[in-house]
Amino acid sequence: MLGDLTLWFDPERSSKVGTTPDYRFSLANERTFLAWIRTGLALIAGGLACAQFLPPLPIEHLREIISILLLLLGGLVALRAVDHWARTERAMRLGVDLPRSRFPAVLALVVAVGAVALIVAVLVQVF
Amino acid sequence: MPDPTPGAATDPGAAPQRTRLAWRRTGLSAAAVALLSVRPAFSPGAGPPEWLAAAGAMICWAALVGIALHRAPGLRAPVPAVVPRSIRAYALITVALAALAGWVVML
């Protein structure tokens with residue numbers, strides 16, 4: 001993990017190891033990074049939209065809590081996106097397997113659990 | 001133009017173009033976040049905190065669009081290079097936007 005962090009803050013190092021891969025693979029990695037950033041931005045926009053457009057919920061401050069959780073998730077996705085980009089770039093330069101990650105599955109589970117919780121909250125309010 | 005990689009003729013510039021469009025699309029997503037952050041500044045009870053938050057969101061958004069514009073000429077090169085610095089800056093500004101949004105929610 002510490003090695004990954006120095007990779008982050010030392011721009012020169014990642015371009016020195018191994019050999020330069022086909023630029024199209026690097027561009028694909030860059031697009032994947034941007035797609036994750038968009039996911040993060042969508043979560044941030046969702047957090048802001050929750051705070052601005054949801055009516056006050058039965059539990060006090062629940063609206064703000066949901067918003068802040070979405071914003072934290074968005075920030076985490078952005079940080080993870082750059083980390084994953086750096087590790088993928090390094091793996092391509094070294095010619096080793098691309099890094100595997102549980103993050104997409106965990107994110108999907110978190111979002112699904114949040115959605116179910118919101119559905120329950122709405123149903124409780126309706127009945 | 002030199003033919004830098006084997007098989008490049010079968011992929012005439014589509015990868016750089018897709019990448020440029022991805023940067024642009026991401027800038028548009030950032031615009032949605034910036035607009036939602038700016039919204040409270042136009043509500044009737046808005047004061048300096050809301051104005052400051054709006055200014056911060058606009059600065060972050062301008063920086064994100066600026067990085068995308070800065071990246072575009074590099075993608076026109078025969079062999080586009082990777083840009084670790086731009087990518088890191090982009091992610092960190094996105095995190096800053098999230099922090100700013102948190103402040104807007106707490107106002």
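Mentor: A salt bridge is counted here when a side-chain nitrogen of Lys or Arg lies within 4 Å of a carboxyl oxygen of Asp or Glu. The model is a predicted one, so local features need pLDDT of at least 70 and side-chain atom pairs count only at pLDDT 80 or more, while totals for chains, interfaces and linings use all residues. Residues are numbered from 1 along each chain as its sequence is written, chains are lettered from A and ligands numbered from 1 in the order in which they are written, and side-chain values use heavy atoms, leaving out hydrogens and water.

Over all chains, the structure holds 4 salt bridges. One of them joins A:Arg87 to A:Asp83, with the closest N and O atoms 3.3 Å apart. Both residues belong to helix H4 of chain A and are 4 residues apart, about one turn of the helix. Helices (H or I, at least four residues) and strands (E, at least two) are DSSP runs, numbered from the N terminus. The two partners fall into separate accessibility classes, where buried means under 20% relative accessible area, exposed means over 50%, and partly exposed is in between (1.4 Å probe, protein chains only). A:Asp83 is buried because its relative accessible area is 14%. A:Arg87 counts as partly exposed because the value there is 25%.

A:Glu64 pairs with A:Arg63, and here the closest N and O atoms are 3.6 Å apart. A:Glu64 is partly exposed, at 22% relative accessibility.

A further pair is A:Glu30 with B:Arg71, at 2.8 Å between the closest N and O atoms. Side chains of opposite charge can pair when their charged atoms come close.

Helix H3 of chain A also holds A:Arg31. At a relative accessible area of 17%, A:Arg31 is buried. Not counting residues up to four places away in sequence, A:Arg31 touches B:Ala15, B:Arg18, B:Thr19 and B:Ala22; a contact means heavy atoms within 4.5 Å.

From the charged residues we can turn to the nonpolar ones. A:Ile37, leaving aside its neighbours within four places in sequence, is in contact with A:Ala78 and A:Ala81, and with B:Thr26, B:Tyr90, B:Ala91 and B:Thr94 of the other chain. A nonpolar core is a set of buried Ala, Val, Leu, Ile, Met, Phe, Trp, Tyr and Cys residues joined through side-chain atoms within 4.5 Å. The largest such core has 43 residues, and the members that touch the most others are A:Phe33, A:Ile37, B:Trp23 and B:Tyr90. At least two residues of this core come from each of H3 (23-53), H4 (62-94) and H5 (103-126) in chain A, and from each of H1 (14-38), H2 (48-75) and H3 (84-106) in chain B. H3(A) gives the largest share, 12 residues. Another core of 5 residues lies apart from this one, with B:Val38, B:Ala41, B:Ala57 and B:Leu100 among its members.

As background, chain A has 5 helices and 0 strands. Of its 127 residues, 39% count as buried.

In the model, residues 33-54 of chain A are 95% helix and 0% strand, with end C-alpha atoms 31 Å apart. For chain B, UniProt puts the feature "transmembrane region" (unreviewed entry) at residues 51-69 and 89-106. Residues 51-69 of chain B are 100% helix and 0% strand, and their end C-alpha atoms lie 27 Å apart. Residues 89-106 of chain B are also 100% helix and 0% strand, with 26 Å between the end C-alpha atoms.

Technical notes: UniProt positions renumbered as here; feature names shortened; annotations may be inferred.
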